[in-house]
Amino acid sequence: MKEILNSISETSLQVIDTNLPITDYVPISISTKNKDLASFDVSSSEDWSIYLKNLLRSKDARVAYGGYIEQRDIYKRSSYFNTTNENERNIHLGIDLWCDAGTSVLAVLDGEVHSFKNNLNHGDYGPTIILKHKINEIEFYSLYGHLSIASIQNIKVGQKVKQEEVIGFLGTNEVNGDYAPHLHFQLIVDIEDYYGDYPGVCSKNNVEFYKQNCPNPNLLLKLPHEI
């Protein structure tokens, strides 16, 4: 599957506003290795927004990205991710693109709407869209989380979409699960029985399964550097 995904395009595929060129992107780590995170309240979406704004300004950038298979402490703030220490879900399965609320979100490839839902748990996706794609008779899915409520108000299951078509917009912290505005972009091979939702964070106990079922989105995005 990885070879198929990697061969779809030799150039970067975009999932947010094409007026934000890849040259305006900068990598970011929000893992425990990033010592900057000790300087503010990581449970506060407002503090995150200030941190990201200052980071982007210092790097002369407009989008911060990264996070695939990154172990993060941010999920400790929500009981939704942490029922027991043994099964703590803190390994991120997609790539995040941090930028302004209202930024347009684009279909990564031609496809159709598989499902959509407003996932309301604290720290969850908020409004989410999942697209189904078919390349060389192989089906797979792309998930777009942390959208605005308006993004899921006028779409239908089965609706066809074209590559780089606007499918939604980034939501504010009030609706996106209480995060600084960003897109969670994830690839899924087998959607199982999920509808408008799929785990975006897993525990160490099942990371090998999810690494296979949720291949690295950078196989399509081809961002120049990924943490």
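Modeller: Happy to! Contact here means heavy atoms within 4.5 Å. Helices (H or I, at least four residues) and strands (E, at least two) are DSSP runs, numbered from the N terminus. Axes are lines fitted to C-alpha atoms, for helices over the stretch in contact, and angles run from 0 to 180 degrees between N-to-C directions. This is a predicted model, in which local features need pLDDT of at least 70, side-chain atom pairs count only at pLDDT 80 or more, and totals for chains, interfaces and linings use all residues. Residues are numbered from 1 along each chain as its sequence is written, and side-chain values use heavy atoms, with hydrogens and water left out.

Biologist: How many helices and strands does the protein chain have, then?

Modeller: Four helices and 13 strands. One of the helices, α2 (residues 45–58), lies across β1, β2 (63–66) and β5 (95–98), and runs at about 105° to β2.

Biologist: What makes β1 and β10 edge strands?

Modeller: Two strands pair if DSSP finds at least two bridges between them. The open sheet has eight strands in the order β1-β2-β5-β12-β9-β8-β7-β10, with mixed pairing. β1 (25–27) and β10 (160–161) each have a single partner strand, so one side of each is left without a neighbour in the sheet.

Biologist: And how do you know that β9 pairs with β12?

Modeller: Strand β9 (residues 138–145) and strand β12 (residues 182–188) share five bridges in the antiparallel sense, against a requirement of at least two. Tyr 144 has Phe 185 as its bridge partner in β12, and Gly 145 stands opposite His 184. β9 also pairs with strand β8 (residues 126–135), antiparallel over eight bridges; there Lys 134 has Glu 139 as its bridge partner. The hairpin of β8 and β9 has two residues between the strands, and Asn 136 takes a positive phi near 50°.

Biologist: Why is β9 described as largely enclosed?

Modeller: Buried means under 20% relative accessible area, exposed over 50%, partly exposed in between (1.4 Å probe, protein chains only). Six of the eight residues of β9 are buried, so the rest of the structure largely encloses β9.

Biologist: Why is the pair of Phe 40 and Trp 48 called edge-to-face?

Modeller: Rings of Phe, Tyr and Trp (its six-membered ring) pair if their centres lie within 6.5 Å; planes under 30 degrees apart count as stacked, over 60 as edge-to-face and the rest as tilted. The structure holds nine aromatic pairs. For Phe 40 and Trp 48 the centres are 5.0 Å apart and the planes at 85°, so the pair is edge-to-face. The rings of Phe 209 and Tyr 210, with centres 4.9 Å apart and planes at 75°, are edge-to-face too.

Biologist: What makes Phe 209 partly exposed?

Modeller: Its relative accessibility of 44% falls between 20% and 50%, so Phe 209 counts as partly exposed. Tyr 210, at 11%, is buried.
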